[in-house]
Amino acid sequence: MSFHQQRNVGHTLPSPLTDKLRLYHVDMNPYGHRVLLILEAKKAKYEVLKLDPLRLPEWFRVKNPRLKIPVLEIPTEQGDRFLFESVVICDYLDEKYTRNPLHSKDPYVKAQDRLLIERFNELIKGSLECFDTNFAFGSEQIIQTLDIFEKELASRGTYYFGGNRPGMLDYMIWPWVERLYLLRCVNEKKFDERRSLFPNFADWGDQMQLDEVVKKHATSPAEYFDYYKNARAHAMGYYL
């Protein structure tokens, strides 16, 4: 069973790790959300230290001069080590914790999933632009990317991209899809009309929301809407 605790980062350097991982995370950051899902899926023991991106402590800047967020701190015999980039961190966790493997054992399928994660970057870019321009709905990048994933699910013939349960691809794209649901708060009718264009993807989203790992770190559409509405300019500044 996984175990984690959460607290805010202070100006004092945290104590060295012993038997758990440490994730440095910014509230509402979807890249950190990715890592949280994988930590939970792998049932790892970890703690979360929350960062204020506008007031990063000096010790964090020294340890992480590139100021990448999220950061995973890992205890080793040679001292605590750091990993950056959400994709790299999640791949590391899948290899380190062998229970509940998330990547396909088929090298070709694994490669295809990696390509789809890269392709999903188009949706990431489109969604951020959408949220940052008074929630202008219907970004062509979002629609085009969803169409690709709709067809991919149809071709696989499964509820999840990972088969009969969520896999790495499912969890890697979920944080941004969860945020897209805030668009229902903007125009419910238009959202549901768009949703009907992607029946497989819509069903996938419904199934993902029932997943215990997803529920552990879920945020409601209304909370996302309020967050982006009230802090768009600030929020867009730290998707690092």
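Contact here means heavy atoms within 4.5 Å. Helices (H or I, at least four residues) and strands (E, at least two) are DSSP runs, numbered from the N terminus.

## Model and overall make-up

This is a predicted model, in which local features need pLDDT of at least 70 and side-chain atom pairs count only at pLDDT 80 or more, while totals for chains, interfaces and linings use all residues. Residues are numbered from 1 along each chain as its sequence is written, and side-chain values use heavy atoms, with hydrogens and water left out.

The secondary structure of the chain comes to twelve helices and five strands. Of its 240 residues, 50% count as buried; buried means under 20% relative accessible area, exposed over 50%, and partly exposed in between (1.4 Å probe, protein chains only). Among contacts between residues at least 6 apart in sequence, 72% join residues at least 24 apart.

## Nonpolar cores

A nonpolar core is a set of buried Ala, Val, Leu, Ile, Met, Phe, Trp, Tyr and Cys residues joined through side-chain atoms within 4.5 Å. The largest one has 59 residues, and Leu21, Leu93, Tyr171, Phe201 and Trp204 have the most contacts inside it. Helix H7 (residues 168–180) gives the most to this core, with nine residues. Apart from it lies another core of ten residues, among them Tyr24, Leu49, Ile69 and Val71. In soluble globular proteins, nonpolar side chains tend to be buried together.

Strand E2 (residues 21–25) is mostly covered, with five of its five residues buried. Leu21, Leu23 and His25 point one way from E2, while Arg22 and Tyr24 point the other way. In a regular strand the side chains alternate between the two faces of the sheet.

Two strands pair if DSSP finds at least two bridges between them. E2 runs parallel to strand E3 (residues 45–50), to which five bridges join it. Leu21 stands opposite Tyr46 in E3, and the bridge partner of Tyr24 in that strand is Leu49. E2 is also joined by three bridges to strand E4 (residues 71–74), and these two run antiparallel. On this side Tyr24 has Val71 as its bridge partner. Five of the six residues of E3 are buried, so E3 is largely enclosed by the rest of the structure.

E2, helix H1 (residues 30–41) and E3 make a right-handed β-α-β unit. A crossover is right-handed if, with the strands pointing away from the viewer, the path from the first strand over the helix to the second runs clockwise.

Glu73 lies in strand E4 and counts as buried because its relative accessibility is 3%. Its side chain is joined to that of Tyr24 by a polar contact of 2.6 Å. A polar contact is a pair of N or O atoms within 3.5 Å; within protein, one must be able to donate a hydrogen and the other to accept it, and residues adjacent in sequence count only if both atoms are side-chain atoms.

In helix H3 (residues 86–96), Ser86, Ile89, Cys90, Asp91, Leu93 and Asp94 are buried. The buried residues of H3 pack against E2, H1, E4, strand E5 (81–84), helix H4 (107–119) and H7.

## Cysteines

A search of the whole structure finds zero disulfides, a disulfide being a pair of cysteine sulfur atoms within 2.5 Å. Cys90 counts as buried, at 0% relative accessibility. Cys185 is partly exposed, with a relative accessible area of 37%.

## Backbone features in the loops

A cis peptide bond joins Ile69 and Pro70, with omega about 5 degrees. Pro70 is found in the loop between helix H2 (58–63) and E4.

Met28 is not a glycine but has a positive phi of about 70 degrees. This residue is in the loop between E2 and H1 and counts as buried, at 19% relative accessibility. Lys43, also a residue other than glycine, has a positive phi near 55 degrees. Lys43 is placed in the loop between H1 and E3 and counts as partly exposed, at 43% relative accessibility.
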